[in-house]
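Biologist: Before I look at single residues, could you show me how to read the strands, the buried positions and the charged pairs of a model like this one?

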Amino acid sequence: MVNGNALHVYYGEGKGKTTAAMGLALRALGQGKHVLIAQFMKRNDSGELTALAGLQGAHICPTEPIDKFTGRMTPEELLQEKKRQARNLDAVERQVEAVAPDMIVLDEVLVAIHTGLLDGERVLRLAEKWLKRAELVCTGRWKDEALAQRADYVTRMVSERHPYEKGIAARRGIEW
């Protein structure tokens, strides 16, 4: 921990990473803290952002939405997406300076690192800097080893059963 601030890493194939991060953000907001939330690799239409944006102390960092799954992107589209995700991290960096939050949530940042769309070393450097002033939460399907080694909390979500296995698509208000 740095100045009493901890780094949380929530990863794994199971449902609940974003839910846990947003629950922690809600808890901090309930204690009068300021929370900055940024979502990577998402479309910016999730229910949690809509709900949290209306709460005092919540700061939603506008990020450029992703258009499609990376596995379906051409090499040119992947290059453009890498630039977009770097701009998203730039936006977070500016917002941290402007807002001085008590907590920062980087939802799905671990996916952006794993897919090579974000530089993991840059994220780790920013984490070290931000931990001097704020609690930091990073989520995503895949664990980044460097962030996990640095983390104070590492939680792996494991799926035992999910409706997707029966062909049921993500549901509004439940998965997004």
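Modeller: We will go from the sheet to one of its strands, then to a loop residue, and finally to the salt bridges. This is a predicted model, in which local features need pLDDT of at least 70 and side-chain atom pairs count only at pLDDT 80 or more, while totals for chains, interfaces and linings use all residues. Residues are numbered from 1 along each chain as its sequence is written, and side-chain values use heavy atoms, with hydrogens and water left out.

Biologist: In what order do the six strands of the open sheet lie?

Modeller: In general, strands of a sheet pair through backbone hydrogen bonds, either parallel or antiparallel. Helices (H or I, at least four residues) and strands (E, at least two) are DSSP runs numbered from the N terminus, and two strands pair if DSSP finds at least two bridges between them. Here the order is E3-E2-E4-E5-E1-E6, with parallel pairing. E3 and strand E6 (153-156) are the edge strands, each pairing on one side only. Neighbouring strands are turned by 15° against each other on average, direction ignored; the axes behind such angles are lines fitted to C-alpha atoms, for helices over the stretch in contact, and the angles run from 0 to 180 degrees between N-to-C directions.

Biologist: Which partners does strand E2 have, and over how many bridges does E2 pair with strand E3?

Modeller: E2 and E3 (residues 58-60) pair in the parallel sense over three bridges, and His 59 in E3 is the bridge partner of Leu 36. Five bridges join E2 to strand E4 (residues 103-107), again in parallel; Val 35 stands opposite Met 103, and Ile 37 has Val 105 as its bridge partner. Helix H3 lies across E2, E3 and E4, running at about 170° to E2.

Biologist: Are the residues of E2 buried or exposed?

Modeller: Buried means under 20% relative accessible area, exposed over 50%, and partly exposed in between (1.4 Å probe, protein chains only). In E2 (residues 35-39), five of five residues are buried. Val 35, Ile 37 and Gln 39 point one way, whereas Leu 36 and Ala 38 point the other way.

Biologist: What does the side chain of Thr 63 reach?

Modeller: Thr 63, in the loop between E3 and helix H3 (75-99), is buried at a relative accessible area of 7%. Its side chain reaches the backbone oxygen of Gln 39 at 2.9 Å. Counting contact as heavy atoms within 4.5 Å, Thr 63 touches Ala 38, Gln 39, Asn 44 and Asn 88, not counting residues up to four places away in sequence.

Biologist: How many salt bridges are there, and with which residue does Asp 107 form one?

Modeller: A salt bridge is a side-chain nitrogen of Lys or Arg within 4 Å of a carboxyl oxygen of Asp or Glu, and by this rule the count comes to 12. Asp 107 forms one with Lys 42, the closest N and O atoms being 2.7 Å apart. The pair links distant parts of the chain, with Asp 107 in strand E4 and Lys 42 in the loop between E2 and H2, 65 residues apart. Asp 107 is buried at 0% relative accessible area, and Lys 42 also counts as buried, at 18%.

Biologist: Where do Lys 129 and Glu 97 lie?

Modeller: Lys 129 forms a salt bridge with Glu 97, with the closest N and O atoms 3.7 Å apart. Lys 129 lies in helix H5 (residues 120-130) and Glu 97 in helix H3, so the pair ties together parts that are 32 residues apart in sequence. Lys 129 is partly exposed at 40%, as is Glu 97 at 44%.

Notes. Polar contact = N/O pair within 3.5 Å; in protein donor to acceptor, adjacent residues only side chain to side chain.
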